[in-house]
Amino acid sequence: MEYLFLCSMGENRSPTAAAVAANIAREKGLKIRTSYGGIDCVNPETPGIVEHFKGFDKIFVMEPYMKRDLIVNYNVDEKKTVCLNIEDDYYRHDPELVRILENLLRVEFAFDLKNRYRAKN
């Protein structure tokens, strides 16, 4: 599985989220590759960008406008985008941000595992 984490500039929330997700995946023995970036730094006109986004199994965004942007401007499937609803109030690896992300992502990973199990049976 490949997960992409997006915040506005790719400096604080999304790198923290990618690191937290990688740690949870390691703990659970899951094969998940994480990447991060900033949605406000990307131009829909950039060659190959739409295909780039489509290459991820799931895209996590921090704020609702980011999800709308992916769907409207990059034609990303709404079903593979998850809004974490985390405001731009944190620095990279802020302990409170890490705690919030751990709680949210553990739920997401449990949901993914349950769905994968159902698909196999």
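Apart from residues within four places of it in sequence, Tyr 36 is in contact with Leu 4, Phe 5, Gly 10, Ser 14, Pro 15, Ala 18 and Arg 92, where contact means heavy atoms within 4.5 Å. The structure is a predicted model, in which local features need pLDDT of at least 70 and side-chain atom pairs count only at pLDDT 80 or more, while totals for chains, interfaces and linings use all residues. Residues are numbered from 1 along each chain as its sequence is written, and side-chain values use heavy atoms, with hydrogens and water left out.

Tyr 36 lies in strand 2. Helices (H or I, at least four residues) and strands (E, at least two) are DSSP runs, numbered from the N terminus. At 42% relative accessibility, Tyr 36 is partly exposed; buried means under 20% relative accessible area, exposed over 50%, and partly exposed in between (1.4 Å probe, protein chains only). Tyr 36 and Lys 80 are 44 residues apart along the chain, and their C-alpha atoms are separated by 16 Å.

**The sheet and its helices**

Four strands form an open sheet in the order 2-1-3-4, with parallel pairing. Two strands pair if DSSP finds at least two bridges between them. Strand 2 (33-38) and strand 4 (81-83) are the edge strands, each pairing on one side only. On average, neighbouring strands of this sheet are turned by 20 degrees against each other, direction ignored. Strand 1 and strand 2 run parallel and are joined by 6 bridges; Tyr 3 stands opposite Thr 34 in strand 2.

Helix 1 lies across strand 1 and strand 2, at about 175 degrees to strand 2. Helix 3 lies across strand 1, strand 3 and strand 4, at about 160 degrees to strand 4. For these angles, axes are lines fitted to C-alpha atoms, for helices over the stretch in contact, and angles run from 0 to 180 degrees between N-to-C directions. Helix 3 also holds Val 72, which is exposed, with a relative accessible area of 65%.

**The nonpolar core**

In soluble globular proteins, nonpolar side chains tend to be buried together. A nonpolar core is a set of buried Ala, Val, Leu, Ile, Met, Phe, Trp, Tyr and Cys residues joined through side-chain atoms within 4.5 Å. The largest one here has 35 residues, of which Phe 53, Ile 59 and Leu 70 touch the most other members. Elements that give two or more residues to this core include strand 1 (2-7), helix 1 (13-28) and helix 4 (95-120). Not counting residues up to four places away in sequence, Phe 53 touches several residues, among them Leu 4, Ile 59, Leu 70 and Tyr 74.

**Aromatic pairs**

Rings of Phe, Tyr and Trp (its six-membered ring) pair if their centres lie within 6.5 Å; planes under 30 degrees apart count as stacked, over 60 as edge-to-face and the rest as tilted. The count comes to 4 aromatic pairs, and two of them are listed here.

| Pair | Centre to centre | Angle between planes | Type |
|---|---|---|---|
| Tyr 3 and Phe 109 | 5.6 Å | 65 degrees | edge-to-face |
| Phe 53 and Tyr 74 | 5.0 Å | 85 degrees | edge-to-face |

Because Tyr 3 lies in strand 1 and Phe 109 in helix 4, their pair ties together parts that are 106 residues apart in sequence. Tyr 3 is buried at 0% relative accessibility, and Phe 109 is buried at 1%. Phe 53 lies in helix 2 and Tyr 74 in helix 3, so this pair ties together parts 21 residues apart in sequence; both residues are buried. Ring pairs also link Tyr 3, Phe 5, Phe 60 and Phe 109 into a cluster.
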